[in-house]
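Colleague: I'm new to reading protein models. Could you walk me through one, feature by feature?

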Amino acid sequence: MNSLSQLDNTSFSQSASFRDSTHVPHYSEPLNFYDIDDILASELKVPCSFNVTAYRLGYLHSNSKSEHIQTGTNIELPLWLAKSLAGKKNIVKVSTPMQYRKEVRQELEADANSSNLNKLGPYYYMSGIKLLDFEMEDVQTIAEVLSKTFCNRSRHIMDRSHNIYDRDQLMITNRLDESERKLFMSGRESVERFQQWETRKSKKLSSSGFVRMKRKRQFDDI
C-alpha cells in the first residue's frame with residue numbers, strides 16, 4: 001500500500017457522509033502487515049475508556065497492579081488495538097488524540113504551511129485517516145481539516161522541492177509528515193531528471209534487448 005495513495009480526495013470526502021446509528025462506514029483499509037508505513041501509522045496512541053471490565057488484561061495498564069481492567073478505566077492504547085476493542089465488541093470508547101483536537105485543528109486552519117507536522121506525528125495523515133473509523137463527535141471535522149491541510153501544504157511542498165538548494169533540504173523535510181516527505185522527494189527527483197535531460201546527461205535512448213535479438217535472428221537467416 002502506498003502511503004500517498006491513501007490521501008486522495010475519495011478517502012477524505014467519504015468522511016463527510018452521514019453516519020447513522022445502524023451503519024458505520026470504514027474509511028481506512030485493514031492493517032497491511034507488508035507495509036511498514038501502515039504498521040507504524042497504526043501505532044498512534046489513542047485515549048480509551050473501558051465500557052466493561054476486561055478480565056486478565058491488567059498488563060495493558062502500566063499504572064495498575066490489578067489483573068483486570070475495571071469499567072471506566074482510562075488508558076491509552078495503540079490505534080490498531082483500540083480499533084479491535086471498539087468495534088462490534090464495544091469494549092472501549094475512543095476519544096480524540098491530542099494531535100487532532102480542536103486547538104491543533106485551528107492552528108492548521110490558520111496557517112497550515114508553518115506547522116511542524118512531523119512533531120505532531122510522523123504519520124499524521126495516515127493515522128488521521130485511520131481515526132475516521134471511530135465514532136467520535138469531531139470525526140467529520142478531522143477529515144475536513146486533514147483534506148484542506150494536505151491540499152494547502154502539498155502545493156507549497158512541491159514549489160519548495162523545485163526551488164531549494166540541497167543544503168536547505170533537511171530543514172524542510174524535518175517539518176514534514178512521511179507522506180509529505182515522499183511528495184517532496186518525488187518533486188526533487190523530477191527536477192534532477194529534467195536537469196539531466198536539459199544538460200544532455202541523461203541516458204541515451206537504446207533499443208530493447210528483445211528488438212536487438214530479433215534483428216540478430218533476421219540477420220542470421222539471410
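This is a predicted model: local features need pLDDT of at least 70, side-chain atom pairs count only at pLDDT 80 or more; totals for chains, interfaces and linings use all residues.

Colleague: How many helices and strands does the protein have?

Modeller: Helices (H or I, at least four residues) and strands (E, at least two) are DSSP runs, numbered from the N terminus. Here there are 10 helices and three strands, and along the sequence they follow the pattern α-α-β-β-α-β-α-α-α-α-α-α-α. Of the 222 residues, 39% count as buried.

Colleague: Back to Arg-56: where is it, and what is its phi?

Modeller: In general, most residues other than glycine have a negative phi. Arg-56 sits in the loop between strand 1 and strand 2, and its phi is near 60 degrees, a positive value in a residue other than glycine. Asn-90 has a positive phi too, near 55 degrees. You'll find Asn-90 in the loop between helix 3 (79-86) and strand 3 (92-94), where it is partly exposed, with a relative accessible area of 46%.

Colleague: Which residues does Ile-69 contact?

Modeller: Contact means heavy atoms within 4.5 Å. Leaving aside neighbours within four places in sequence, Ile-69 is in contact with Phe-50, Val-52, Thr-53, Ala-54, Leu-57, Gly-58, Leu-60 and Ile-75. Ile-69 lies in the loop between strand 1 (45-50) and strand 2 (74-78) and is buried, with a relative accessible area of 2%. Ala-54 is 15 residues from Ile-69 in sequence and 5.0 Å away in space, C-alpha to C-alpha.

Colleague: And Met-136, is that buried or exposed?

Modeller: Met-136 is buried, at a relative accessible area of 8%, and belongs to the loop between helix 6 and helix 7. Not counting residues up to four places away in sequence, Met-136 touches Val-94, Ser-95, Thr-96, Leu-131 and Ile-142. Met-136 and Ser-95 are 41 residues apart in sequence but 6.5 Å apart in space, C-alpha to C-alpha.

Colleague: How do I read the two sides of a helix?

Modeller: An α-helix has 3.6 residues a turn, so residues three or four places apart point the same way. In helix 4 (residues 102-111), the buried residues are Val-104, Arg-105 and Leu-108. They cover an arc of only 100 degrees around the axis, so they lie on the same side of helix 4; the arc is that of the directions from the helix axis to the C-beta atoms. On the other side, Lys-102, Glu-103, Glu-107, Glu-109 and Ala-110 are exposed.

Colleague: What do the buried residues of helix 4 pack against?

Modeller: They pack against helix 5 (117-120), helix 6 (124-131) and helix 7.

Methods. Residues are numbered from 1 along each chain as its sequence is written. Side-chain values use heavy atoms; hydrogens and water are left out. Buried means under 20% relative accessible area, exposed over 50%, partly exposed in between (1.4 Å probe, protein chains only).
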